[in-house]
Amino acid sequence: MGWFDSGWGLSLTVFLPLVGAAVVMLIPRAQEQLVKQAALAFALASFAASVLVGFRFDYGVSGFQLDTNLSWISAINSNFHVGVDGISLPMLILSTLITVLAIIYSWNHWPEPHNPKAFLVLILLLATGMAGTFVALDLVLFFIFFELVLLPMYFMIGIWGDRTRIKLAVFNREVETRLYAAIKFFLFTLFGSAFMLLGFIALNARGGSFDIVELSEMGRAGVFAGSFGFWVFAALFIGFAVKVPMWPFHTWLPDAHTAAPTVGSVLLAAILLKLGSYGFIRISLPILPEEAQNWAPAIAILAVIAIIYGSLACLAQTDMKRLIAFSSVGHMGFVMLGIATLTEVGINAAVIGMVAHGVITGMLFFLAGSMQHRYHTREMARLGGNLKLMPILGGMLGFTAMASLGLPGLAGFWGEFMALFGSFNPLDGLSLGVFRTAMVIGAIGTILTAGYMLWMLQKVNLGEPNAEWSGKEFHDVDRYEWFAWAPLLVGIVAIGVFPKIVFGATDGTVEALVRTAFGG
Amino acid sequence: MIHALNALVAAEEAHVAEHSDGGWLAAGAWTLVVVPLVAAAIIIFVGKRLPRKGWELAWAAMGYVGVYGVALFIANASSGIVYEQSFEIARMGSFAIEWGWVVDGLSITLYTLVGVVGFAVFTYAKGYMEGEIRYTFFFGAFTFFAGAMLVLVSAPNMLQLIVGWELVGVASYLLIGHYWEDKENSNAAMKAFLVNKVADVGLIIGVIVIAATVGSLRFTDVLEAAAVGDSALADVAVAGGILLFIGAMGKSAQFPFHVWLPDAMAGPTPVSSLMHAATMVTAGVYLVGRMFPFYEGMAEDVRPLIIAVGVITLFAMGLIAMVQDDIKKVLAYSTLSQLGYMTAAMGAGAYTAGMFHLFTHAFFKGLLFLVAGSVIHGVHSNNMSDMGGLRKLMPKTYWTWIVGTLALMGIFPLSGFFSKDEILAQFSHGGETLALIVAVGGAFITAFYMTRATLLTFWGEYKGSAHPDESPNIMTRPLIGLAVLSAVAGFANVPGVYDGFTEWITTRGQAILEYHPDGIDFGIAAIGLAVGLAGIYAGWVLFSKDRATQRERDSFEVPVLYRLLRNKYYIDDLYAVGLVNPIKGPIARFVNWTNQAILDGIVNAAGIMVKGLGTFVYGFDQRGLDFGINAAGFSAGEAGETLRHSQTGKVQQYAAALFVGMALLVAGFMIFN
């Protein structure tokens, strides 16, 4: 397995979907079944490779593993440097898994205008971008993968998205939801990426390298200290904060998630948002440790604003999918709060929070999509009694909503609880006042979270079904849905009962990160 | 007052019982948790295919817990058991997350209650729930509750306690909202969950504060730190103590978090009996009991608060019980009141007395709810104005009710007499005069409202429209079993004569310092009995004459007070008007508006500007750049086309504009750096 451990394993994980995309493109459009099978085969192969990476990974070691470092664009001293550590490994496996599930789900859920071939090519492209971002150890490589995600999602929303029309503030004119959402998503993220790239270039200008490992060492040595560091952190902050998204850069999220086709929403929520928080942990913290400490209180404050603001906004939604979309703002607030503590507990909380949010909110979007598929509406006022019409689907919705509100014993609890725990004792030198206040406000946010989730359940699941559905036949969860969802449901329970699944991988790496970067 | 009590307590011999590690019985106690949880999962997934629709599995699981609990109880009574086992399920540096189980006098008492009362209730529920909607799911959720409650009770660390704590909350939500077709019921379920969630903020922060300070989540480590006077813990002891107690107030429905419990009566009556009277609602008292050495030592300054909350609850909620027409609501307010007694006792340093009242209350209040269910089963109404005269029609139901009622009133020699008397005696001994007076007043109120309920339900003429007769054996036998326990449980602890319960409950890893009386305080006992009899007499005088309607019956009530009580002191309305409605309505809408109009407005305005810039720079055709971008590729829906088509070009142009800007920034940065 030497070849696998020395770069091939990760390269296969990352590029198999890209190869798959090329293969799928070669298959004639008419052969729909073959197109689907080919796409699924490559996604499964990539998933298998990532699982094998997980088996080959040595959990007792904290550095990067299964890595390779090849000369790539020598003109700018950029290398093809990839590797995984305990932080990226869970995210890598999550991203390949969600890709497989998205393709299985798509089997018989095609949003208009159909065209499975193009749709699957986009999913596979996305898969390469997502997996690549999690293994890239070179800033140029990271940037390319980070941006590679953008275009497929743009097309997914713009072409297969919601066709209703909305009226915009300021513009005062009606546009198609999918177009507005797609362009907003694209420009917003690009806006952030531009700053991020600026930061990368600046780091290279000062450090003479794009290598994350080398830059981290320089960062520890204080090469990027001072106002230079401040501005670079600011640039990276904008890039990552848009992606997370942190308040107030979040407004693309509800539109994009709501307008995207089901699978698009799932991928957005489960993986794409994590690229931002992952960027903070992988790049901002180790390379700019001093600035991270200066910025931490601000990040914590924005995080708790997001928790409260996102939850309150959820209470005002009438569209079920938009409510779920807004819930991500609050949940990612907990992730960012954990990161801001700069402690072992907090960053572990952030990673498990990212994984948990991936499986839980991914599942919620699947469910919302399947309900829309059957009811042809997302208006909660028209839904109701879903548990009566479709007991299994309704039961799954209830279960997943409980997981989303942070019920102990299910996956969502650990990220929330440990983030609050970390906030009580943040890194030495950080303001106790800010972080302990953040802890209390964040804890209050959990009440609001429970409030809007239960409220959604009451409107959608409980009560008597609306008269307009009487006499209609509803098909409860079908075979493809079972296949796509079962791994997520199992994951929610497994991580909840046995969080070591995630902590076992992350702990050593996070400990090393905190110790080397912050001496804590 | 507290310090005076401590001085007295210190003078007492610290009571450390002889104990063993319990052998295989204690080592295998993890099955108490696993068996119900696995049974619940099986019932929910495949219960419908079983011959009795899943009930048999639920019943067997409860039987297992009951038998195991009793076995532990006997073993503890004979030789004392202190056992603790923990397994690590995750680790962050030095901070371990663990799962385990505690077997000591305190947890065994709760295991036994859950098992024994639970077995009676599950037996009864077969008859009660016959033919009800979602029969199988009901037993699945109910069995899940038992498992979750045992997770809570068996917790050796605070995190596991939180897990069990919130899981019983979910079970409560599911079961209160069992008849969720009706919005009122799902509202009640939500109310229970959310009120508890508010209190849980206190619990969670309290746990964080204490665990982060001590560096461990284990109760033993925290109590050890408290015992040795760890200075870091001392700094946060009062804050931590208050926060934990806030959590306890939610679960044990203490004022001002009591509002969820009366509404929780929307659930099927077996649920009210086991969860909302006998076991789940006592979890808060249990938590204070588990942390008792902390509250009697470092966090002693919290105790006046605990006493005050308990005393307010026991009195104010007892008053409301006097004016209810719904028989289950009478019992619900009575439960609140009795939980107030337990809480106040804990605050006053009376660990044994508080836990003893928890013990006896589980039997007689569990029984009374089941009796109420039997009555409701017969008359198809919860309202006492539809009842009357049932003592002839339902004799077994009637006589078991009488036993439960007399026990609750504290009439000698039934169990409530002993446990309530011990609490009163402890108030008296500790110099808690005000608490003593209010608690004695509460005893009068208890006797009064139970007399009223008894007369309205079982005496006079029957006023309902259904044709009630005695409930089937499967329902009446559990009533008789619980009635026997309600009658005799008090003899488990008779000061000076037999102090078995004191031994059992204080068999713990930590010394419990408290005052143990040498004998019954006959003065206090006489007062307690006298006010009980006075309450019965007052109730008899006012309600023995059969009257036609509820309104008429209560018409002699003090006008202002009556309205105040009927409206539950307007506390529910205050929460609705002052808190819930504003958050759900205007505040949420305002936040959403700021998102749509202000934040998005800025984004859209920036979009216009970028678009204008793009137009200026590239000289685009104005129509082509129309923000809708309704150009051919997208709306034609030809994705394959689109991928190749000009629209990609448009995005590229946006991208180009941004990257040009960025390049300028980079250049500027390089120059000025």
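In α5(B), the residues B:Leu113, B:Val117, B:Gly118, B:Val121, B:Tyr124, B:Ala125 and B:Tyr128 meet B:Thr269, B:Pro270, B:Ser273, B:Leu274 and B:Ala278 of α12(B). Contact here requires C-beta atoms, placed from the backbone, within 7 Å. The residues of this contact comprise 9 nonpolar, 3 polar and no charged. Ala, Val, Leu, Ile, Met, Phe, Trp, Tyr, Cys and Pro count as nonpolar, Asp, Glu, Lys and Arg as charged, and the others, Gly among them, as polar.

The model is predicted: local features need pLDDT of at least 70, side-chain atom pairs count only at pLDDT 80 or more, and totals for chains, interfaces and linings use all residues. Residues are numbered from 1 along each chain as its sequence is written, while chains are lettered from A and ligands numbered from 1 in the order in which they are written.

Helix α5 (residues 105–128) and helix α12 (residues 269–278) of chain B pack at about 165°, with axes 9 Å apart. The two are therefore roughly antiparallel (angles over 145 degrees). Helices are DSSP runs (H or I, at least four residues), numbered from the N terminus.

Helix α20 (residues 415–430) of chain B has 16 residues. Of these 16, 14 are buried, so α20(B) is largely enclosed by the rest of the structure. Buried means 20 or more other C-beta atoms within 10 Å of a residue's own. Just after α20(B), B:Gly431 has a positive phi of about 75°.

In chain A, A:Arg322 lies in helix α13 (residues 320–340). A:Arg322 has 22 C-beta neighbours inside 10 Å and so counts as buried. A:Arg322 and A:Thr258 are 64 residues apart in sequence, yet 5.3 Å apart in space, C-alpha to C-alpha.

Notes. Axes fitted to C-alpha atoms, helices over the stretch in contact; angles between N-to-C directions. Parallel < 35°, antiparallel > 145°, perpendicular 65-115°, else oblique. Contact = placed C-beta atoms within 7 Å. Expected span 1.5 Å × (residues − 1). Buried ≥ 20, exposed ≤ 12 C-beta atoms within 10 Å, placed from the backbone.
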